[in-house]
Amino acid sequence: MALKTVKIPEVQIQVDLVHDQPRRKVGLMGGTFNPPHLGHLLVAEQVLSQLGLDEVIFIPDNKPPHIDEKKTISAQTRLEMTKLSIQGNPHFSVSDIELKRGGVSYTYDTVQQLRREHPENEYYFIIGGDMVEYLPTWYKIDELVKIVNFVGVKRPGYQLTSPYPVLWVDVPGFEVSSSLIRQKVASGCSIHYLVRDEVADFIKEEGLYQDGSSL
Ligand SMILES: Nc1ncnc2c1ncn2[C@@H]1O[C@H](COP(=O)(O)OP(=O)(O)OP(=O)(O)O)[C@@H](O)[C@H]1O
Ligand SMILES: O=C(O)c1ccc[n+]([C@@H]2O[C@H](COP(=O)([O-])O)[C@@H](O)[C@H]2O)c1
């Protein structure tokens with residue numbers, strides 16, 4: 001059989017690299033993490049697996065919008081403890097985006113910045129059930145709900161309705177909080193099994209929370 005070479009005219013194909021790829025589902029776990037405890041890890045892991053997220057990024061705030069700053073230790077120290085807390089989980093990471101930006105850490109600013117840097121991602125902001133009733137007070141909340149999915153983690157004793165769309169996730173209740181950890185350290189009580197060993201060691205080595213001034 002005789003073969004003939006045929007010249008095909010050049011065709012220009014434009015591929016939309018952003019929207020032709022499946023969007024990555026990224027969870028954001030914002031917090032003061034003063035200190036990070038096993039409740040944070042339990043919640044992040046459950047949300048990751050129940051919603052089929054690709055990863056969860058822990059974001060320690062620089063200046064929390066609604067917390068008395070005097071009770072908070074340095075952002076750098078909280079960042080360091082958060083890194084220790086997530087060690088070994090390939091789906092977890094820690095971002096210093098709010099520390100680098102400085103000032104009060106509004107979630108709207110953080111999500112906008114992340115969307116600019118990673119337009120391929122779809123974001124899920126994880127909040128404890130205790131936070132949901134305060135959503136109406138958040139900075140630029142009407143715009144924020146349009147660019148992020150809020151995931152509410154059911155926490156016993158807190159209101160489970162919100163004027164804004166919230167994706168509710170059932171997580172076994174584990175009533176640990178950073179305030180409880182600070183109280184236990186100040187009163188010389190064990191925090192074993194409430195925080196990662198690495199975090200407990202760090203708190204001890206640095207002498208954090210011992211004088212009760214951060215209660
Ligand atoms: N045990 C828990 N179960 C479910 N969600 C939690 C739990 N602890 C904290 N969260 C949620 O994790 C996020 C970050 O919390 P944060 O760092 O302020 O810790 P916290 O334990 O609530 O701190 P504090 O006791 O100092 O108020 C918030 O959305 C909070 O509601
Ligand atoms: O943007 C806001 O107005 C806003 C108000 C309250 C809380 N947040 C964020 O919610 C996360 C949990 O807050 P907190 O106070 O429980 O540590 C943390 O990332 C905060 O920056 C954000």
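Which residue just after α7 takes a positive phi? That's Gly-188, with a phi of about 75°. Keep in mind that this is a predicted model.

**Nonpolar cores**
- The largest nonpolar core has 32 residues, and the ones touching the most other members are Leu-28, Ala-44, Val-47, Val-56, Phe-125 and Ile-126.
- Take Val-47: leaving out residues up to four places away in sequence, Val-47 touches Gly-27, Leu-53, Val-56, Ile-126, Val-151, Val-153 and Val-169.
- Another core, of 10 residues, lies apart from that one, and its members include Met-81, Ile-191, Val-195 and Leu-208.

**Helix α7**
- α7 spans residues 178-186, with Ser-178, Ile-181, Arg-182 and Val-185 buried.
- Looking down the axis of α7, you'd see the buried residues fall within an arc of 100°, so they line one face of the helix.
- Part of what covers the buried residues of α7 is α8 (197-206).

**Around ligand 1**
- Ligand 1 is surrounded by 18 residues, the closest being Gly-31, Gly-39, Gly-128, Ser-178 and Ser-179.
- The elements giving two or more residues to this shell are α1, β4, α5 (129-132) and α7, and α1 gives the most, with 3 residues.
- By type, the shell splits into 9 polar, 7 nonpolar and 2 charged residues.

Conventions. Residues are numbered from 1 along each chain as its sequence is written. Chains are lettered from A and ligands numbered from 1 in the order in which they are written. This is a predicted model: local features need pLDDT of at least 70, side-chain atom pairs count only at pLDDT 80 or more; totals for chains, interfaces and linings use all residues. A nonpolar core is a set of buried Ala, Val, Leu, Ile, Met, Phe, Trp, Tyr and Cys residues joined through C-beta atoms within 7 Å. A residue is buried if 20 or more other C-beta atoms lie within 10 Å of its own, exposed if 12 or fewer, and partly exposed in between; C-beta atoms are placed from the backbone. Two residues are in contact if their C-beta atoms, placed from the backbone, lie within 7 Å. Helices (H or I, at least four residues) and strands (E, at least two) are DSSP runs, numbered from the N terminus. The arc is that of the directions from the helix axis to the C-beta atoms. A residue is near a molecule or strand if its C-beta atom, placed from the backbone, lies within 6 Å of it. Ala, Val, Leu, Ile, Met, Phe, Trp, Tyr, Cys and Pro count as nonpolar, Asp, Glu, Lys and Arg as charged, and the others, Gly among them, as polar.
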